[in-house]
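Open the model in your viewer and get ready to select residues. We will go stop by stop.

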Amino acid sequence: IYDTGFRGGIFTVDDNFVSEPAAMEEILHGMIEFQRDNNYPFTFFTQASIDLGKDSLSHLVGLMRQAGFTSVFLGIESPDPATLKAMNKTQNIKTDPQDTVERLQQHGIEVFAGFIYGTDGDTRQTADLIVDFVQSNGIFSSMTGKLTPMPHPPLYVELKDAGRLIEGHDPTNNI
């Protein structure tokens, strides 16, 4: 990328950004060295799971900032622990999303957040919780997608068997 002459922002898409912390640390050290040697030609933006806020991974956040990461998209999914449990998002229950957001922001990394709305337990109060979470955590950009089960996983099969899927409906999401 550098050899093409491009300078600017690069979005690295990796849903498993922190799944191999030792490997990620090594990559970040390489990025820091490259950025220093080349007068910081790039800024980086990535998406990561809420796991990034674990104490055991906190050292990666500082390295990310040194490497030129300026923003992270976090799949927060829901601020409601009961909804997270129903979604089987155990990693989002084990790590406090607010702590992850705060840790990133303290390092000067902007947080973009993604939420899912439409589980059986969601109510108007759930929507209000999402809005309150975004506002109280200084998140300037967030998106809430409707629950859209992909074909074949258990949720899809369950909803299809119960006659709860709308066939032929426009599958667009996040508009």
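**Stop one: I76 and its contacts**

Select I76. Set aside its neighbours within four places in sequence, and I76 is in contact with I50, L84, N92, P97, V101, A113, G114, F115, F133 and I139. Keep in mind that this is a predicted model.

**Stop three: the strands**

Show β3 and β4 together. They pair in the parallel sense, over six bridges. Click F73 and look across to β4: its bridge partner there is F112.

β4 and β5 run parallel and are joined by six bridges. Select A113, and you will find S142 of β5 standing opposite. Now trace the chain from β4 through α6 to β5. Which hand does this β-α-β crossover have? The crossover is right-handed.

**Last stop: K85**

Move to helix α3 (residues 81-86) and select K85, which is found there. Is K85 buried or exposed? K85 counts as exposed because its relative accessibility is 64%, and the cut-off for exposed is over 50%.

Finish with a distance. Pick the C-alpha atoms of K85 and M31: they are 36 Å apart in space. In sequence, K85 and M31 are 54 residues apart.

Conventions:
Residues are numbered from 1 along each chain as its sequence is written. This is a predicted model: local features need pLDDT of at least 70, side-chain atom pairs count only at pLDDT 80 or more; totals for chains, interfaces and linings use all residues. Side-chain values use heavy atoms; hydrogens and water are left out. Helices (H or I, at least four residues) and strands (E, at least two) are DSSP runs, numbered from the N terminus. Buried means under 20% relative accessible area, exposed over 50%, partly exposed in between (1.4 Å probe, protein chains only). Contact means heavy atoms within 4.5 Å. Two strands pair if DSSP finds at least two bridges between them. A crossover is right-handed if, with the strands pointing away from the viewer, the path from the first strand over the helix to the second runs clockwise.
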